[in-house]
Structure formats: structure tokens, C-alpha cells
Amino acid sequence: MEALRLRLIYDGQGPTIWTPAPGAFGLQDKSGVLHVGTPGAAGAVVFDFALQVKSLDADQVVLVGDFAHGRPAERFLYLGWRNAAGAFAQRLKLPLHTITPAQARQALAERMALTATLVDHHPKATSTGANIGGTRPVAWTLA
């Protein structure tokens, strides 16, 4: 299997209800471990990683690896924030299934990364004090 390089840039402030702590925010692997990114421009956090291409046909790219969650046709990444007790304060799902076969082929051929940026400057919480997580769309581009 070939490795597809990916770069995720998080440009945001984190959940509304959360106290930042070292190692409490990151890209979640299948074991629930948060992998801390590196500082980027203007306070953004950058996550560089790779996933293996399990299949690549005319209609779909199926990616596998430590950071690929969900069913093959609906793969996604998790960005997670843990609270002081270790439970998740918030998790966001970022779709991988939107990566097109053409994008994957070009990235592999040119040995370049596909990059997505999540801008999250206005996090919200419910009236009961729960952070609002869920799926956040991102556009993957060759960079």
C-alpha cells in the first residue's frame, strides 16, 4: 500500500468550555491517544501525517491507518480536546471521504501532501454547558 501524505491545519481557539493543558488537544488515533501538532502561522496548529491507500478506483479512495476512523466509504479524522479528568471535552469529525481519486493520484505521483484547513473561530456550547462538536467540512487540496 502506498502512503498518502496529509496536512491538517487547525485555525481556531478550541471549545467554549475547556481549560487548555499541555497534550490535551490533538489528532486522535484509534487508541484514543491525542497527537499534538506543531505551531503554525498566526497561532494555527499543523498536523502532518500519512495514511495508507487501501484502494483507489474511479469512484472512491479508501484510506487506512492509525488516524482513519469510520467505515471505508465514510472515513474521517478526529480532532479532540480532553478536559482535566481525561474525558473528551469535544471532538470534531473531519471527512476524508471527500478526497477524490484524482487528488490522491496526483498527490502520490507528485509526492506532495493533500492539505485541509479548518477555521473554527466561533465555537459554540449548548444552554446546558456542553460543547457542540460534530462534523466540520474541510476541502482537501494539493499543496
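A charge is said to sit over a ring if NZ of Lys or CZ of Arg is within 6 Å of the ring centre and within 35 degrees of the ring normal. In this predicted model, Arg91 provides an example: its charged end sits over the ring of Tyr78, 3.8 Å from the ring's centre. The charged end of Arg91 also sits over the ring of Phe88, and here the distance to the centre is 5.0 Å.

Tyr10 is buried, because its relative accessible area is 3%, and buried means under 20%. Trp81 is likewise buried, with a relative accessible area of 1%.

A further pair is formed by Phe25 and Phe47, which are also edge-to-face: their centres are 5.8 Å apart and their planes stand at 75°. Phe25 lies in strand β2 (residues 25-28), whereas Phe47 lies in strand β5 (residues 45-56); the pair therefore ties together parts that are 22 residues apart in sequence. Both Phe25 and Phe47 are buried.

The two pairs can now be considered together. Tyr10, Phe25, Phe47 and Trp81 form one aromatic cluster.

Terms used: Residues are numbered from 1 along each chain as its sequence is written. This is a predicted model: local features need pLDDT of at least 70, side-chain atom pairs count only at pLDDT 80 or more; totals for chains, interfaces and linings use all residues. Side-chain values use heavy atoms; hydrogens and water are left out. Buried means under 20% relative accessible area, exposed over 50%, partly exposed in between (1.4 Å probe, protein chains only). Rings of Phe, Tyr and Trp (its six-membered ring) pair if their centres lie within 6.5 Å; planes under 30 degrees apart count as stacked, over 60 as edge-to-face and the rest as tilted. Helices (H or I, at least four residues) and strands (E, at least two) are DSSP runs, numbered from the N terminus.
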